[in-house]
Amino acid sequence: MHGCRVGPVDSAKLIRSGDDLAYSKMENSSSSIRITKISAKEDLAKAFAIRMRVFVKEQGVPREIELDRDDQRAVHFLATASGKAVGTARIVMRRGGAKIGRMAVLKNYRRKGVGTKLLKRTVVTAKTLGAQKICLHAQVAVIGFYERLGFRCVGPVFDEADIPHRKMVFREEKKLTAKVAK
């Protein structure tokens, strides 16, 4: 279930500056956050730009492993706040199971409900796609976030892109499917 490593991808042009431009317009509640399934190339480019900013620029993940083969077959999501792209996640289906991954939220929009809405939407979509099991690889620093939303750790800590992670499996379906914002 580890990410597949492929050659370098030139995504520098996808990285956009000004992440905080719409911050002052964003409400403190999560009501202005919208999660949509990506269907346009322009929105996919926005999602990739968010991943490059968060994972490559902020966390030091090597550019050549951030975008991978799974991106071609994944279901991608984009979170927007007041019309601005602020977060992303993807689902990769494998053998009746779903792996949620590449979940990233721009720094100025963290702790504002974006990640929660993204995760809820991906879990519901995975179930709709027929997933019997839903898992993810969580960075150790944010395990608590995933636990609050129904995921439980399985297995030991491991490094992925030189960052400690743990595999987590979704256990509490009722928590997420009861109040899903689409």
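These legends walk through a few close-up views of a predicted model. Residues count from 1 along each chain as its sequence is written, and side-chain values use heavy atoms, leaving out hydrogens and water. Local features need pLDDT of at least 70 and side-chain atom pairs pLDDT 80 or more, while totals for chains, interfaces and linings use all residues.

**View 1. Inside the largest nonpolar core.** This core has 43 residues, and Leu118, Leu119, Ile134, Tyr146 and Phe151 have the most contacts inside it. (A nonpolar core is a set of buried Ala, Val, Leu, Ile, Met, Phe, Trp, Tyr and Cys residues joined through side-chain atoms within 4.5 Å; buried means under 20% relative accessible area, with a 1.4 Å probe and protein chains only.) Leaving aside residues up to four places away in sequence, Leu119 touches Ile100, Met103, Leu136, Phe145, Tyr146, Leu149 and Phe151, where contact means heavy atoms within 4.5 Å.

**View 2. Glu66 meets Arg51.** These two form a salt bridge, with their closest N and O atoms 2.8 Å apart. (That's a side-chain nitrogen of Lys or Arg within 4 Å of a carboxyl oxygen of Asp or Glu.) Glu66 is buried at 3% relative accessible area, and Arg51 is buried too, at 1%.

**View 3. Arg94 meets Asp70.** Here's another salt bridge, 2.6 Å from N to O. Arg94 is in strand β3 and Asp70 in the loop between α2 and β2, so the pair ties together parts 24 residues apart in sequence. (Strands are DSSP runs of E, at least two residues, and helices are runs of H or I, at least four, numbered from the N terminus.)

**View 4. A linked network.** Salt bridges join Arg51, Glu66, Asp68, Asp71, Arg90 and Arg102 in a network. Within it, Asp71 and Arg90 meet at 2.6 Å, N to O, and both are buried.

How values were computed:
Buried means under 20% relative accessible area, exposed over 50%, partly exposed in between (1.4 Å probe, protein chains only).
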